[in-house]
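Work through the exercises below with the sequence and the model side by side. Try each task before reading its solution.

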Amino acid sequence: MSLSPTLLEILVCPKSKAPLEYHAGPPEVLICRESRLVYRVEEGVPVMLIDEAEPLDEARYPRPV
């Protein structure tokens, strides 16, 4: 399941307010490079809770080219 392009345009990181990168996965996630956090997407719904975000692993989620 993918997120709506319109939703992706308006979503920002709740910690830094920076734009997010969408990775279709698996797993489907949203990444904030500024905060170095990864937010999971469950059944098409982004879980945008800072306390539930995972630290960014650059090896797992390299920057897009």
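A residue is called buried when its relative accessible area is under 20%, exposed when that area is over 50%, and partly exposed in between. The model used here is predicted.

**Exercise 1. Classify Glu21 and its salt-bridge partner Arg33 as buried or exposed, and state which parts of the chain they tie together.**

Solution. Start with Glu21: its relative accessible area is 19%, so Glu21 is buried. Next take Arg33, which at 11% relative accessibility also counts as buried. The closest N and O atoms of the salt bridge between Arg33 and Glu21 are 2.9 Å apart. Glu21 belongs to strand β1 (residues 21-23) and Arg33 to the loop between β2 and β3, so the bridge links parts 12 residues apart in sequence.

**Exercise 2. Find how Glu58 and Arg36 pair, and which network includes them.**

Solution. In the salt bridge of Glu58 with Arg36, the closest N and O atoms are 3.1 Å apart. Arg36 lies in the loop between β2 and β3 and Glu58 in the segment after β5 (54-55), so the pair ties together parts that are 22 residues apart in sequence. Glu58 has 30% relative accessibility and is therefore partly exposed. Arg36, at 40%, is partly exposed as well. Now Glu52 and Arg40: their salt bridge has its closest N and O atoms 2.7 Å apart. Arg40 is in strand β3 and Glu52 in the loop between β4 (45-46) and β5, so this pair ties together parts 12 residues apart in sequence. Finally, salt bridges with shared partners join Glu21, Arg33, Arg36 and Glu58 into one network. The whole structure has five salt bridges.

**Exercise 3. Locate Ser35 and list its contacts beyond four places in sequence.**

Solution. Ser35 sits in the loop between β2 and β3. With 16% relative accessibility, Ser35 counts as buried. Beyond its neighbours within four places in sequence, Ser35 is in contact with Cys13, Lys15 and Ser16. The side chains of Ser35 and Ser16 are joined by a polar contact of 3.1 Å.

**Exercise 4. Determine which element gives the most residues to the largest nonpolar core.**

Solution. This core has 12 residues, among them Leu3, Cys13, Leu30, Val41 and Ala53. Two or more residues come from each of β2 (29-32) and β3 (37-42). The most come from β3, which gives three. A second, separate core has five residues, including Val29, Ile31, Val38 and Leu56. Returning to Leu3, its contacts outside four places in sequence include Leu30 and Val41.

Definitions and conventions. Residues are numbered from 1 along each chain as its sequence is written. This is a predicted model: local features need pLDDT of at least 70, side-chain atom pairs count only at pLDDT 80 or more; totals for chains, interfaces and linings use all residues. Side-chain values use heavy atoms; hydrogens and water are left out. A nonpolar core is a set of buried Ala, Val, Leu, Ile, Met, Phe, Trp, Tyr and Cys residues joined through side-chain atoms within 4.5 Å. Buried means under 20% relative accessible area, exposed over 50%, partly exposed in between (1.4 Å probe, protein chains only). Contact means heavy atoms within 4.5 Å. A polar contact is a pair of N or O atoms within 3.5 Å; within protein, one must be able to donate a hydrogen and the other to accept it, and residues adjacent in sequence count only if both atoms are side-chain atoms. A salt bridge is a side-chain nitrogen of Lys or Arg within 4 Å of a carboxyl oxygen of Asp or Glu.
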